[in-house]
Amino acid sequence: MTRRWYLPHDRTAKAALASGAVLMLIAALVVVLGPLESSYPAMEMDCDREELFVAGGTDVSLRNQRRALIRQWNEGRFPDGRPHPHATPVEVAESTDQQHSQIKAVQESGSCAYDVLIMDNTWTAQFAEAGYLVALEDVAGLDDFFPAALRTGEWEGEQYAIPFNVDVGLLYNREGVAPPTAWPGLLGSGVAMQLSGYEGLTVNALEAVWNGGGRGLLTGDGRPSEEELRDSVYPALVEMAPYARGALAASRLYGERESIEAFASGTGLMRNWPYVFSALASEPRMRDGDRLRFGVRALPGRTVLGGQNLAVSTHSPNPGLAQELVEFLSGTRSQRLLFSCGGFAPGRYSALGLAPDRRSPAEVEARTCSSLTGEPLGPGEADAPGPVQLAELGRAVVTALARADPRPVTPHYSTFSSTFRDCVQKIFDRAGLDVREFAEAVSASLDGRAASC
């Protein structure tokens, strides 16, 4: 999952953020993240080129670390001394749904506009089956990637994508607020979740299913029967519905940004992704000297395995060079920088000081951003987050990865997701949706057939 906290940056938006404590937090984080370029120069569709174009969503990593990695590639050389071909990031849209439609449209047209694709990890099946991706060969160090994350880049026995960053659901608690240790306690706690009508609702509802009697269903490439949808999935959502109308009612309006705003305003608990930790840790009002005013841990129970993968477009004029760039961006050094400087959870064990045979959360090690970059800190400055705090985040991520399940693997994932969350909203709203309608609609959506509840 990568529907990131977009921070406005023009003068009008900054003026609008001038009032209210929560909005002051958002405004402060604009400074931390840096201004976003509104667009890149229009690309000429010249297929006789060596320049590489990297298509993905808006970079809202701390310090624009994704862009920084591409700049490092541009300044680097191959082992034989040849300079790397220049790479240009193309930020196509903010939301995952818009990214999907825009990148899909370009790939569908056969255009050579993109070489490397930054994709939500649910896209692999659809894009690989449609012939949009090159199968990756001879990628070094595949065993260093978290296995579950690596599998999201597979389709029909081929590796079409490799992890760029992973996402898992984490539980944030404000200072003095005891986090619940079981799923029912979490639902009744008034935790800030993402329950508005976008992919976040699909994710949060799947977690409710897996922790409410439907574990093992609607995940991976297994297909639940209509009976299983009726007997296990539907009841778990019905069980969540009273909370959605009660303790979680405010979350019906929340995406990621709104839930962060609620947490910063005083809501005691928040379910969100790893990137939120570093953003909040960099805000002075969320700190007391070197001590953070909040903590983080894995969600109680199962969580969705989200994240973004890197792939090479079939229509790239330079697929070999594009794969070199993919391996650079997903390499250990890049992954460490993405974590410590950018706030995104890495896809490799080695980026957290671990190995495939040494993967206990207690063994996580993390270096600060300044120690990785070698850039000196100014007088009175300190890395935020520091090494102890980064290790806390790393432990939470590794713990959550052991409880993480992928969303359904299907070339028709977007059809499933839109159908499923429409059904969930009707269950929450007491819209008279019966169990048979639910099971038939969700089952049809997994086959790509138009269906509604």
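Visitor: What pLDDT does the protein chain average?
Guide: The model is predicted, and pLDDT is the predictor's confidence in each residue. In this chain 90% of the residues score at least 70. Over residues 1–44, however, pLDDT stays under 50. The average for the protein chain is a pLDDT of 89.

Visitor: Is strand β12 largely enclosed or exposed?
Guide: Strand β12 covers residues 303–312, and a residue counts as buried under 20% relative accessible area. In β12, 10 of the 10 residues are buried.

Visitor: In which sense does strand β6 pair with β12, and over how many bridges?
Guide: Strand β6 is formed by residues 161–168. Within this pairing, Val-166 stands opposite Gly-307 of β12. The sense is antiparallel, and the number of bridges is 7.

Visitor: Which residue in β12 is the bridge partner of Met-119?
Guide: Strand β3, residues 116–120, runs antiparallel to β12 and is joined to it by 5 bridges. For Met-119, the bridge partner in β12 is Asn-309.

Visitor: Which elements cover the buried residues of helix α13?
Guide: Helix α13 spans residues 332–340, and its buried residues include Leu-337, Leu-338 and Phe-339. Ser-334, Gln-335 and Ser-340 are also buried. Among the elements covering them are α3, β6, α12, α14 and α15.

Visitor: Is Gly-76 buried or exposed?
Guide: Gly-76 has its place in the loop between α3 and β2. Leaving aside neighbours within four places in sequence, Gly-76 is in contact with Pro-83 and His-84. Its relative accessible area is 18%, and the cut-off for this class is under 20%, so Gly-76 is buried.

Visitor: How much space lies in the largest cavity?
Guide: A search of the whole structure finds 5 cavities of 30 Å³ or more. Of the 13 residues that line the largest one, those closest to its centre are Asn-121, Thr-122, Thr-152, Pro-408 and Val-409. The lining divides into 5 nonpolar, 5 polar and 3 charged residues. The space in the largest cavity is about 120 Å³.

Definitions and conventions. Residues are numbered from 1 along each chain as its sequence is written. This is a predicted model: local features need pLDDT of at least 70, side-chain atom pairs count only at pLDDT 80 or more; totals for chains, interfaces and linings use all residues. Side-chain values use heavy atoms; hydrogens and water are left out. On a 1 Å grid over the protein atoms alone, a cavity is a set of points where a 1.4 Å probe fits but cannot get out, and a pocket is an open set with protein on both sides within 12 Å along at least five of seven lines; lining residues have an atom within 4 Å of a point. Grid points are joined across faces, edges and corners, and a volume is the space filled by probe spheres set on the points. Ala, Val, Leu, Ile, Met, Phe, Trp, Tyr, Cys and Pro count as nonpolar, Asp, Glu, Lys and Arg as charged, and the others, Gly among them, as polar. pLDDT is the predictor's confidence in each residue, from 0 to 100. Contact means heavy atoms within 4.5 Å. Buried means under 20% relative accessible area, exposed over 50%, partly exposed in between (1.4 Å probe, protein chains only). Helices (H or I, at least four residues) and strands (E, at least two) are DSSP runs, numbered from the N terminus. Two strands pair if DSSP finds at least two bridges between them.
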